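Hi everyone, thanks for coming. Let me put today's model on the screen, and then I'll walk you through its aromatic rings.

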Amino acid sequence: MAKVLITGGAGFVGLNVTEALLARGDSVVIYGREPLPVPAAAAFAALPGQLTVILGDVLDDTALRAAFAAQPIDTVLPFAAITAGPAREAENPELVLDVNLKGLVATLKAARDAGGVRRVVLPSSSAVYGESAYAYPVLTEAETPCVPISLYGVTKYAVERMGMRLSGLWGLDAIAARIGATFGPWERDTGLRDTLSPHLAIAQAALAGRAIVIPAAPLPAYDWIYVRDLAAGLLALVDTDTPGPRVFNLASGLDWAPLAGACCDVMAARFPGFSWRHAAAGEAATVSFNETRPRGVMANTRAAGLGWAPRFIGPAAYEDYAAWITTRADAV
Ligand SMILES: NC(=O)c1ccc[n+]([C@@H]2O[C@H](COP(=O)([O-])OP(=O)(O)OC[C@H]3O[C@@H](n4cnc5c(N)ncnc54)[C@H](O)[C@@H]3O)[C@@H](O)[C@H]2O)c1
């Protein structure tokens, strides 16, 4: 049974990893600045694992140390982050650096001093590929140059390199997950992630029975990963004892642009009043897909070597998401 501490665990990815860990009976400490959303607290109470929620800042060394001291921890997921868009980067670059980098150092230090930590899973991102995502059709961990553009992407590359370095110096075993663009259950606006997925906007429109206009066809190539697949991939990184590469793409490895219509059709079949169409030439979309240029897909053969494979692609992901928002409309 793993004993996991997740900083930023009440955020989108953290809630999904917590749910997957609790479902298999692991114990989880969520450490972060926000409380567990009420619907998540209700859902998680029914799971076999044990959950503790501790409110605190990753920049507060004393509170972090107290969180590690409260119970034995063998695995750390330092996921607290500011996912800044251009406006926040320009206005408050210090906050992005402080939380994403100094917060990581503080968390790793507390883990080192607590003792007993076996594994650290570092939250990197497809954003580390930056310019390369527009230059290469397939992005691989070993061969594709990392040329991050955004301050967020720069910090995520530093999370990998700095996290590996400090973990090595401090006797912690770190693995980095280059997480692809993610959507699905528990995604919501935390106020700290400036670009939410179009799938959340589609889910909200479906629940409200609204018509939407998505960008004109063809949409640019874009690799999405459904968050349940991401959570399963992160658990594989928690569990693996295989020596070898320490950086793993976690993405579907597929271009979802041709699947957008079939995905929206799933919502249209389930939610009366919801309809969708592509924008006509010159017409503005009501749901932004966050990208205008085609991006390469992220190869996931390394992670497949751990026995992991994405299960929810396109309409299959939407079937699951539609069922989830039907029962958890209060969380969307
Ligand atoms: N969602 C994605 O598509 C995606 C893609 C690639 C990488 N990631 C990475 O996954 C991790 C989780 O991202 P997410 O999508 O769940 O983001 P999120 O914004 O939903 O969650 C981030 C969490 O961190 C907490 N937090 C922020 N500042 C804090 C501080 N100073 N002290 C303590 N807690 C703090 C927030 O309160 C929130 O609960 C991040 O490291 C992110 O870079 C996410």
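**Aromatic pairs**

The count here comes to 11 aromatic pairs, where rings of Phe, Tyr and Trp (its six-membered ring) pair if their centres lie within 6.5 Å, and planes under 30 degrees apart count as stacked, over 60 as edge-to-face and the rest as tilted. Take F183 and W224: the ring centres are 6.2 Å apart and the planes stand at 90 degrees, so this pair is edge-to-face. F183 belongs to strand β8 (residues 181-183) and W224 to strand β10 (residues 224-226), so the pair ties together parts 41 residues apart in sequence. Strands are DSSP runs of E, at least two residues, and helices are runs of H or I, at least four, numbered from the N terminus.

A word on the basis. This is a predicted model, so local features need pLDDT of at least 70 and side-chain atom pairs 80 or more, while totals for chains, interfaces and linings use all residues. Residues are numbered from 1 along each chain as its sequence is written, and side-chain values use heavy atoms, leaving out hydrogens and water.

Next, Y226 and Y321 pair edge-to-face, with 6.4 Å centre to centre and 70 degrees between the planes. Y226 is in strand β10 and Y321 in helix α12 (residues 315-327), so this pair links parts 95 residues apart in sequence.

Finally, one aromatic cluster includes F183, W224, Y226 and Y321.
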